[in-house]
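Trainee: I'm new to this one. Can we look at it together and check what the terms stand for?

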Amino acid sequence: MGEQTPTQFSPQTLAQYAGLGIDLPALFSAGPLGSRMGIRITEAAADKVVGTMPVEGNTQPYGLLHGGASAVLAETLGSVGAMLHGGPNKIAVGVDLNATHHRSVRTGTVTGTATPVHRGRSSASYEIVITDDATGKRVCTARLTCMLRPASPPAPTTA
């Protein structure tokens, strides 16, 4: 699928995770599902996450990009943004995803860009715009809301 470009992390993210022994590219990746779909995250910061996905291999029986594939790309990018917003002490759990499909794509690559709509202490919402790389036209618009939970359960309290 061509040359793999490493994910570009913001200086703030690199500083926030420095010394924690965390593999940032692995933590903020597309995961096993995204890997099977060819999703590559190229830029990752709490205020903007960008990733690409090939159309080939992600189509429905008519040969068009599958709407579910667009949803996977959208949820991946929005979740990475929410995780970066939450920081190392929180995890992001998707609680609502909606997607509107505007036009079909048969070949090439699509690019998704996730930007925050809301970033709070306990939730984060991102708008994800997916465009066709060949035409630059919008293919899908999605919104993802994630709940931000503690990364590990709190210690039990004694009465």
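**Sheet and core**

Mentor: Seven strands make an open sheet here, with mixed pairing and the order 1-2-3-5-6-7-4. It's a predicted model: local features need pLDDT of at least 70 and side-chain atom pairs 80 or more, while totals for chains, interfaces and linings use all residues. Residues are numbered from 1 along each chain as its sequence is written, and side-chain values use heavy atoms, leaving out hydrogens and water.

Trainee: What makes strand 1 (8-9) and strand 4 (90-101) edge strands?

Mentor: Each of them pairs on one side only. Strands are DSSP runs of E, at least two residues, and helices are runs of H or I, at least four, numbered from the N terminus. Two strands pair if DSSP finds at least two bridges between them.

Trainee: How do you know that strand 4 and strand 7 pair?

Mentor: They share 11 bridges, and the rule asks for at least two, so they count as paired, in the antiparallel sense. Ile91 stands opposite Arg149 in strand 7.

Trainee: Why is the set of 36 residues called a nonpolar core?

Mentor: Because such a core is a set of buried Ala, Val, Leu, Ile, Met, Phe, Trp, Tyr and Cys residues joined through side-chain atoms within 4.5 Å. Buried means under 20% relative accessible area (exposed is over 50%, partly exposed in between; 1.4 Å probe, protein chains only). Phe28 and Met53 are among those with the most contacts inside it. Helix 4 gives the most to this core, 8 residues.

Trainee: Which residues does Phe28 touch, leaving aside neighbours within four places in sequence?

Mentor: Phe9, Tyr17, Ile41, Val80, Met83 and Leu84, where contact means heavy atoms within 4.5 Å.
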